[in-house]
Amino acid sequence: MTIQWFPGHMAKARREVTEKLKYIDIVFELVDARLPLSSRNPMMDEIVQHKPRLVILNKGDLADHEETMKWQRYFKEEGHESIIINAKEGKGIKQITSVSQMLLKEKRERQIARGMKPQPIRAMIIGIPNVGKSTLMNRLVRKNIAKTGNRPGVTKGQQWLKVGNELELLDTPGILWPKFEDEEIGKKLALTGAIKDNLLHLDDIALYAIRFFNEYYPQQLQARYQLTDDQLAEDAVAQLMTITQKRGFRDDYERASEMIVQEIRNGQLGRLTLDRVENWEHEDE
């Protein structure tokens, strides 16, 4: 399956992000906690290079907490600090400044040793579309988009948003593309709303979701749709038909599929994590 993600815009997006990196001290890489690797840009390491980076696992309230802990250990082994937040509710936001200060401690100490006055940390949020960049920016600046203006050495028109006295954000989030190496990654992105619904058939996404819940969270699927043990043992197609009937949609499987996808996105089937550390580690071997 090949999905065209903003055709023709990828090179431009990468160039714009790369140009802005020279003005910042640290990159905030925002990912969806439910799919920490599938929601990353495939060339992130190459683009960011040696800039300090903080991986921010957004929508942590929707993800399986135990799996999120595994992902934090994974990122730590990869050499990246990570934190869990819920940008929509503002949870975990305060960690961003404190962890950034920790990551840049040595650099700031060198500046002080040279007699330089410490400046606010400059950062940029990078992530794929619909992962919550604008929501996080609004939370950080408390919706008070007070631009601090241009600074010496910064390209004319480059605006910064003040976050307290310690942090400044580049006002335009870095938008990059997600990873589309295989069909399953596309389905994961579609299920969480990271790509437009019209790019894939919703019934295919619903069936993928049902199969995933059958493997990892069968009790949550059973509880939400009041499936009997026998129905839970059926295949995904039969289960979709059963759910369609139970919800009074008759033979409107399209409508039932849309409902299932929306309820999963809203967290009504409980927490879930689509990317499993053990699967990615196996692929890396």
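**Packing in the predicted model**

Modeller: Arg 139 counts as partly exposed, at 36% relative accessibility. Please keep in mind that this is a predicted model.

Colleague: Is H11 roughly parallel or roughly perpendicular to H12?

Modeller: The axes of helix H11 (residues 236-246) and helix H12 (residues 253-265) come within 9 Å and cross at roughly 95°. Because angles of 65 to 115 degrees count as roughly perpendicular, H11 is, relative to H12, roughly perpendicular.

Colleague: How many nonpolar residues does the contact of H11 with H12 have?

Modeller: On the H11 side the contact is made by Leu 240, Met 241, Ile 243 and Thr 244, and on the H12 side by Tyr 253, Ala 256, Ser 257, Met 259 and Ile 260. By class, the contact has no charged residues and 2 polar ones, while the number of nonpolar residues is 7.

Colleague: What kind of aromatic pair do Tyr 74 and Phe 75 form?

Modeller: A search of the whole structure finds 8 aromatic pairs, and Tyr 74 with Phe 75 is one of them. Tyr 74 is buried at a relative accessible area of 10%, and Phe 75 is buried at 0%. Their ring centres lie 5.6 Å apart with 80° between the planes, and because planes over 60 degrees apart count this way, the pair is edge-to-face.

Colleague: Where along helix H8 do Phe 212 and Tyr 216 stand relative to each other, and by how much of a helical turn are they separated?

Modeller: Phe 212 and Tyr 216 form a tilted aromatic pair, 4.7 Å centre to centre with 40° between the planes. Phe 212 counts as buried at 6% relative accessibility, whereas Tyr 216 is partly exposed at 24%. Ring pairs also link both residues into a cluster with Tyr 208, Phe 213 and Tyr 217. Because Phe 212 and Tyr 216 are 4 residues apart in helix H8 (residues 202-216), their separation is about one helical turn.

Technical notes: Residues are numbered from 1 along each chain as its sequence is written. This is a predicted model: local features need pLDDT of at least 70, side-chain atom pairs count only at pLDDT 80 or more; totals for chains, interfaces and linings use all residues. Side-chain values use heavy atoms; hydrogens and water are left out. Axes are lines fitted to C-alpha atoms, for helices over the stretch in contact, and angles run from 0 to 180 degrees between N-to-C directions. Helices (H or I, at least four residues) and strands (E, at least two) are DSSP runs, numbered from the N terminus. Angles under 35 degrees count as roughly parallel, over 145 as roughly antiparallel, 65 to 115 as roughly perpendicular and the rest as oblique. Contact means heavy atoms within 4.5 Å. Ala, Val, Leu, Ile, Met, Phe, Trp, Tyr, Cys and Pro count as nonpolar, Asp, Glu, Lys and Arg as charged, and the others, Gly among them, as polar. Rings of Phe, Tyr and Trp (its six-membered ring) pair if their centres lie within 6.5 Å; planes under 30 degrees apart count as stacked, over 60 as edge-to-face and the rest as tilted. Buried means under 20% relative accessible area, exposed over 50%, partly exposed in between (1.4 Å probe, protein chains only).
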